[in-house]
Structures are given as structure tokens and as C-alpha cells.
Amino acid sequence: MFKKLPLSKFKFLSQSLAQLETTGTGSPGSKSPAGGSGPGPGQGTGGQDSSKNTPTAHNKALQNVKGDHPSMAFLQSRSISLVDMYIDNSEPSENVGQIHFSLEYDFQNTTLILRILTAKELPAKDMSGTSDPYVRVTLLPDKKHRLETKIKRRTLNPRWNETFYFEGFPIQKLQSRVLHLHVFDYDRFSRDDSIGEVFLPLCQVDLSEKPSFWKALKHPAKDKRGELLTSLCYHPSNSILTLTLLKARNLKAKDINGKSDPYVKVWLQFGDKRIEKRKTPIFKCTLNPVFNETFSFNVPWEKIRECSLDVMVMDFDNIGRNELIGRILLAGKNGSGATETKHWQDMITKPRQTIVQWHRLKPE
């Protein structure tokens with residue numbers, strides 16, 4: 001809990017904050033001895049040896065962090081607002097891998113040391129069934145100074161083992177920063193694909209413990225259109241393909257009231273040719289509709305690997321044109337994602353069984 005302060009103290013707090021924010025000279029930089037970004041403005045010439053910290057200096061710094069100084073309390077409350085801005089509290093979506101990193105703080109040289117170690121179970125973004133991952137590092141809210149690891153070619157379990165130094169950061173200043181790690185798949189000829197990201201408010205970390213983390217990656221919030229829970233079942237004996245639309249969650253709001261009026265439109269396709277269309281009812285003013293609608297299609301066994309289901313979640317509009325919220329393509333080949341393709345393949349390899357799967361909606 002934070003202490004209540006009389007109004008007479010706020011002028012003092014403003015001055016204290018200004019002093020804290022201007023502590024250290026130049027812009028924070030970093031250096032990666034493993035071949036990452038080189039020195040930037042206001043950056044030292046190399047890594048710092050944290051073994052040089054004296055117990056006295058270390059303990060004094062810890063006392064400043066854990067004490068009840070009013071300006072520190074104000075900074076803590078400011079850090080909590082950053083948590084609200086950057087942390088995604090929605091339910092977990094499909095797995096996009098995990099990243100392993102560690103943090104350390106050199107109290108004597110006011111330097112944050114970040115080691116990006118490895119990642120595992122990353123999704124395949126390339127036709128080869130692999131990715132070319134690298135990590136972009138930012139200390140939010142500063143978005144200008146971005147640092148990057150090396151690119152690891154053709155792997156879903158990269159090992160970077162790179163170290164970055166953020167110099168000129170007093171421990172008090174770090175309390176108002178959020179570490180942002182964003183994993184991308186490098187593409188030589190087009191825009192790099194986002195794989196997933198992690199936000200870690202440093203006010204939640206005890207840097208004196210030299211913590212190490214395995215964090216689950218999440219899809220970038222700006223790309224989120226919601227998720228759809230579906231089930232697939234195929235009966236070879238009577239050639240019936242059954243799709244059940246169970247429910248959706250966290251759909252993107254399309255209306256001025258912060259809601260949508262969702263319904264789902266499904267096309268059975270053979271190649272690029274649309275064969276049969278089905279629709280669910282419209283659900284008014286909700287981002288978490290429960291559909292519980294089942295559609296059956298007649299598909300011969302010899303064609304089950306050639307067909308697909310184009311599933312579109314739409315927002316109904318009384319006046320204008322209905323808008324697409326997001327879509328998925330369920331197919332044995334070239335589905336809209338690895339999860340969609342696997343769902344279809346599981347349906348084929350497990351006939352007469354109902355296979356249930358959450359899918360992240362994609363844009364047009």
C-alpha cells in the first residue's frame with residue numbers, strides 16, 4: 001500500500017521525479033558481445049563486471065528500492081499503470097512458443113544486464129516448416145532505442161546466448177520501465193512476421209536475485225481479432241463431414257458501443273471453387289458469443305484431402321455492409337495456420353472422433 005500524502009508534498013514529488021528521470025547522461029544504450037547491436041549514444045565501451053559491486057553499495061541500493069520514500073512510492077504507482085497498459089490478461093491462445101532469458105543488475109555501474117538465451121516450440125512461418133527467428137528488445141515506454149539479436153536460420157528452437165547492457169539506469173528509474181521482447185521471423189523479400197511477444201514490468205522483478213525466466217510468447221495485441229472454438233468430425237462410411245461452431249471469445253469490437261453483432265459464415269470449398277454456404281444466427285452486442293451450431297457436408301473420402309472450410313466471423317450491420325472480424329481456413333493443405341492444418345489432419349487420422357480446437361482468427 002502507498003502512503004497518502006498532503007498536497008504540500010506534491011511540489012516536492014515533482015522535483016524528485018524530475019531528478020530521477022534525468023539521472024544519468026545520454027541515451028541508454030546496449031552492446032551484444034555475441035555480435036548484436038553496437039554501442040549507441042551515451043553507451044559504455046563494453047560489459048560491466050558485476051563482481052566489483054561492494055556489499056555497502058549493493059545494500060544501500062536495495063534499501064532505496066525497498067524503502068518508503070514518497071517519490072519512490074509515486075514511481076511505483078506509475079509503474080503499475082504501465083502494467084495495465086502492456087499486460088494482456090486475456091485467456092491463453094494457441095501456443096506460439098516460449099523464450100528463456102535472465103536479468104542482472106550492476107548496482108555500482110547502474111547497468112541492467114539482459115541475457116537472451118534460447119526459445120523453444122516456435123511456430124513454423126516458412127514453407128520449409130521452420131522459421132528464421134530473432135528477438136527485438138525494447139525498454140518501454142522508450143520505443144526509439146531498439147536492439148536485436150542475431151537471426152537463427154531454419155530452427156524452431158533457437159539458441160542465441162547474447163548479452164545486452166543497458167547503461168545509465170539507476171534502480172529507481174528501472175522501476176518505471178517495462179522490458180519488451182518481441183520474436184520475429186526474418187524474411188528476406190517481405191515484411192518480417194511477428195511470432196510473439198513478452199512484456200515484463202521491471203517493478204515486479206527483484207533484480208538482486210539475478211532471476212531467470214521461461215515466458216510463454218503471446219500474439220501481439222494489435223493483431224488480435226479473437227478466437228473461435230470449433231470441432232471437426234468425419235465419417236468415412238457415410239461421407240459426412242461435420243463442423244461444429246461452439247463459441248468465440250475476445251472478438252474485436254466493430255461497433256461504436258465497444259461491441260459487435262457476430263455471426264459465422266462457412267463455405268465448403270474444393271480448391272478455389274465455393275460449393276456450399278452455411279450461416280449461424282446473429283448474436284447482438286457481444287464479444288463472446290456461444291453459437292453451438294452444427295453443419296454437415298457430404299464429402300466423399302477420395303476428396304476429403306482436397307476440400308477446405310472457409311470460416312468467417314462477421315459483424316452484422318443494419319445500415320452498412322457487414323464487416324469481417326476474422327477468419328480461418330480449415331484444410332489439410334495450406335490451412336490459414338499450423339493449428340488449422342493440424343486440426344484437419346487429426347480429423348482424417350482419427351475418423352468418427354470429434355476433434356475440438358481453439359483457433360486464432362486471422363485478418364482478410
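1. Which residue is the bridge partner of histidine 100 in S2? The partner is threonine 118. The strands around this pair are taken up in point 3. The model under review is a predicted one.

2. Overall content. The protein holds 5 helices and 16 strands. Of its 364 residues, 46% are buried. Its accessible surface is about 18900 Å², and carbon and sulfur atoms account for 50% of that area. Counting contacts between residues at least 6 apart in sequence, 66% link residues at least 24 apart.

3. Strands S1 and S2. Strand S1 covers residues 98-106 and strand S2 covers residues 111-120. The two pair in the antiparallel sense, with 9 bridges between them. Strands of a sheet are paired through hydrogen bonds of the backbone, and the pairing may be parallel or antiparallel.

4. The open sheet. S1 and S2 belong to an open sheet of 4 strands, whose order is S5-S2-S1-S8. The pairing in this sheet is antiparallel. At its edges stand strand S5 (159-167) and strand S8 (212-216). Each of these has a single partner strand, so one side of each has no neighbour in the sheet. On average, neighbouring strands of the sheet are turned by 25° against each other, direction ignored.

5. The largest nonpolar core. This core has 32 residues, and the members that touch the most others are Ile99, Leu103, Leu114 and Leu179. Elements giving two or more residues to the core include S1, S2 and S5. Also on that list are strand S3 (133-140), helix H4 (171-174), strand S6 (178-185) and strand S7 (193-201).

6. Leucine 179 as an example. Setting aside neighbours within four places in sequence, leucine 179 is in contact with Phe101, Leu103 and Leu114, among others. Its contacts also include Val137, Thr138 and Leu139. Val198, Phe199, Leu200 and Leu202 complete the list.

7. Lysine 273. Is this residue buried or exposed? Lysine 273 has a relative accessible area of 58%; the cut-off for exposed is over 50%, so lysine 273 counts as exposed. Lysine 273 lies in strand S12, which covers residues 273-279. Between lysine 273 and cysteine 307 there are 9.5 Å in space, C-alpha to C-alpha, while the two are 34 residues apart in sequence.

Note on methods: Residues numbered from 1 in each chain as written. Predicted model: local features only at pLDDT ≥ 70, side-chain atom pairs only at ≥ 80, totals over all residues. Heavy atoms only, no water. Buried < 20%, exposed > 50% of the residue type's maximum accessible area, 1.4 Å probe, protein only. Contact = heavy atoms within 4.5 Å. Areas by Shrake-Rupley, 256 points an atom, 1.4 Å probe, with all protein chains shown as cover. Pairing = 2+ DSSP bridges. Axes fitted to C-alpha atoms, helices over the stretch in contact; angles between N-to-C directions. Core = buried A, V, L, I, M, F, W, Y, C linked by side-chain atoms within 4.5 Å.
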